[in-house]
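Thanks, I'll keep this short.

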Amino acid sequence: MRPEHPIVLITGASSGFGEAMARLLASQGCHLALGARRVERVQALADELIKAHGIKAYAGAVDTRVTASVDAFVAAAAEQLGGLHVLVANAGLASGTYKLWETPDEDLEAMLRTNVEGVVKTIRAGLPHLRQAGWGHIFFIGSTAGHQPYEGGSVYCASKFGVKAMAQSLRLEVNGEQIRVTSVDPGMAETEFSDVRLKDRDKAKAVYQGVKALSAYDVAECIRWCLMLPDHVNIDEVLVKCVDQASVHKVHRRA
Ligand code: NDP
Ligand code: 8X3
């Protein structure tokens, strides 16, 4: 049975979706393990949520591209919190809007190592703790980019198609265990995502110009809903877009 106060590990909790999930799940009584490279941010968030909600929270530095870093973060989190029930492999990024043949190695590696390898490393390290608890829920964060490729997104789209494939494979692999596997696949959402991708504040703001985009809390709400459903219910995939976004290529913008 789902524990009354699940222990939830979130990578990429220093901003955007990860931070919003931490805030929403803390308000529901979940205990939290929060990781990112900007450890001062996750530490401040953990301190705030412990005070506000009386939960247990562990904050740690983690670079999900690096096996030793992930293993150390997950082990410390499980030890401090007394186990793990939920993994949210959220850390990820897009880097640039290059055509396939223009993509520099640095950006290629950043996306594939974080969005694909980092997800494997996080779940590989965390899964034994879910098995030990006898109850688990694993969340992948995919994207509409994993459903519909677009120009300038070949590597990012490849990484999110990869996320979708990993979620589908893992669900087959853990079948027979009380472990749910869900992929939450958002469309455009206003976070630090476009700042990181475009490395230019004005260009990043322009991405959402005239659009009521998803907020990080809209995405966090999808996670909360999937998590709180009865144990026998598994939501395989949540494809969620704002009303203004009909598809990757069709976005309504107000003047
Ligand atoms: P943000 O840039 O706001 O957050 C990204 C988070 O990932 C940060 O906390 C960052 O922390 C962390 N991160 C990045 N690289 C690493 C790393 N190597 N190790 C550990 N943490 C890392 O973007 P979002 O919240 O929007 O993105 C979260 C996820 O959602 C990503 O996987 C993204 O691809 C996906 N997504 C985003 C959409 C959007 O439109 N915003 C839509 C669909 C999916 P730090 O830099 O401190 O390490
Ligand atoms: C982020 C959404 O449209 O920038 O995954 O690829 S998009």
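The second largest cavity holds about 30 Å³ of space. A cavity here is a set of points on a 1 Å grid over the protein atoms alone where a 1.4 Å probe fits but cannot get out, and lining residues have an atom within 4 Å of a point. Grid points are joined across faces, edges and corners, and the volume is the space filled by probe spheres set on the points.

Before going on, the conventions. This is a predicted model, in which local features need pLDDT of at least 70 and side-chain atom pairs count only at pLDDT 80 or more, while totals for chains, interfaces and linings use all residues. Residues are numbered from 1 along each chain as its sequence is written, chains are lettered from A and ligands numbered from 1 in the order in which they are written, and side-chain values use heavy atoms, with hydrogens and water left out.

What lines that second largest cavity? Thr11, Thr64, Ala89, Asn90, Ala91, Thr114, Gly118, Val119 and Thr122 do. Helix α4, residues 105–133, gives the largest share, four residues. Helices are DSSP runs of H or I with at least four residues, strands are runs of E with at least two, and both are numbered from the N terminus. By class this lining has three nonpolar, six polar and no charged residues. Ala, Val, Leu, Ile, Met, Phe, Trp, Tyr, Cys and Pro count as nonpolar, Asp, Glu, Lys and Arg as charged, and the others, Gly among them, as polar.

Now strand β2, residues 31–36. Six of its six residues are buried, that is, under 20% relative accessible area with a 1.4 Å probe, protein chains only. His31, Ala33 and Gly35 point one way, and Leu32, Leu34 and Ala36 the other.

β2 pairs in the parallel sense with β1, residues 7–11, over five bridges; pairing needs at least two DSSP bridges. Valine 8 is bridged to leucine 32. β2 also pairs with β3, residues 57–61, in the parallel sense over five bridges, and there leucine 34 has alanine 59 as its partner.

β2, helix α2 (residues 39–53) and β3 form a right-handed β-α-β unit: with the strands pointing away from the viewer, the path from the first strand over the helix to the second runs clockwise.

Technical notes
Buried < 20%, exposed > 50% of the residue type's maximum accessible area, 1.4 Å probe, protein only. 1 Å grid on protein atoms, 1.4 Å probe; cavity = no way out; pocket = protein on both sides within 12 Å on 5 of 7 lines; lining within 4 Å.
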